[in-house]
Amino acid sequence: MTGQVVVAADAFSREDVEVLLGMAGEWKLLRPNRWVAIYEVDDENIGRALVAELRNAGHPAVAGPPDEARAVGWHNRNQPTPVGERAVVCFPWVESEAEIVIEIDPGVGFGTGDHPSTRLLLEELASAIRGDESVLDVGCGSGVLAIASVRFGAVCAIGIDINGAGLVAAKANARRNRVADQTEFLRTGLKEISGKYDVVVANIHDDILRSMADDLVARVAADGWLGLSGVSPGQLSRLRAAFPQIIFEEPRRMDDWNALIGRRKIE
Ligand SMILES: C[S@@+](CC[C@H](N)C(=O)[O-])C[C@H]1O[C@@H](n2cnc3c(N)ncnc32)[C@H](O)[C@@H]1O
């Protein structure tokens, strides 16, 4: 069965892709400095091997749909995820007319941006970031929340995670969204982080959120806010109780997922 290689590049990396694949591509400009080419290959397995080679060399690439039957599923998985009125999160090879296109290729890290627990915090960041905020993203995975914060106007964002493989993707995603100078991604636990942040977000299992409650609250600036996500309806009251210093708003909800947004109680 024939196959396809879908690859994204910028003005500099287009040539590297062509050298690696040994042939010129028919490039389509999706948005400023984002080009995509689809290479047809004779065999689906050859396509997969080429995708792996491209990805090893740092180029965002994916195997295209091998036949019409699988094309619908492929296109559904490769749609932009809308965030607020003006933004989308999508893979680098996906077309979008949105004003703010946040390109995320998670690699082996978690976070394409389309999971409801991520979307709840993305929506919050899109509506609440006014500009000039500092952001701490705990359990950053692909860096999607930290990167989106800066694209929405935050002055800087730090993402931390205990999974080093995801952090490689986070740094690459920051570069491709041109926010590398305003973001930092560290393999570290929350206890090693100091300072106060205007926004602290964490999309992690509720038991982990509860275990890090005091450290999360300690990092929230006096007039800052905290966003917790990845929570099922049955976990909400136990999670709220672990954060007695925070006044939470009504939970945000998407499908069966919830997020809690809150601010420090005035002492
Ligand atoms: C559900 S993913 C969220 C990724 C991304 N923030 C998003 O919203 O799409 C949770 C992430 O938390 C990380 N994680 C789990 N326990 C952690 C801990 N104790 N400290 C820091 N990161 C942690 C995992 O490695 C994973 O990348």
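## Domains and model

Domain bounds here come from an automatic or database domain assignment. On that basis the chain is divided into domain 1 (3-77) and domain 2 (101-264). The C-alpha centres of domain 1 and domain 2 lie 31 Å apart.

The model is predicted: local features need pLDDT of at least 70, side-chain atom pairs count only at pLDDT 80 or more, and totals for chains, interfaces and linings use all residues. Residues are numbered from 1 along each chain as its sequence is written.

A residue is near a molecule or strand if its C-beta atom, placed from the backbone, lies within 6 Å of it. There are 22 residues around the ligand, and G111, G139, G141, N163 and N203 come nearest. The elements that give two or more residues to this shell are α5 (144-151) and β9 (156-161). Helices (H or I, at least four residues) and strands (E, at least two) are DSSP runs, numbered from the N terminus.

The shell residues divide into 10 nonpolar, 11 polar and 1 charged. Ala, Val, Leu, Ile, Met, Phe, Trp, Tyr, Cys and Pro count as nonpolar; Asp, Glu, Lys and Arg count as charged; the others, Gly among them, are polar.

Two strands pair if DSSP finds at least two bridges between them.

β5 pairs with β6 (residues 87-90) in the antiparallel sense over 3 bridges. T81 stands opposite V89 in β6.

## Partners of β15

β15 (residues 257-264) pairs with β12 (residues 220-231) in the antiparallel sense over 6 bridges. Here S229 has A259 as its bridge partner. β13 (residues 246-248) also pairs with β15 in the antiparallel sense, over 3 bridges. F248 has G262 in β15 as its bridge partner.

β14 (residues 252-254) and β15 pair in the antiparallel sense over 3 bridges. R252 stands opposite A259. β14 and β15 form a hairpin with 2 residues between them. In the turn, D255 has a positive phi of about 50 degrees.
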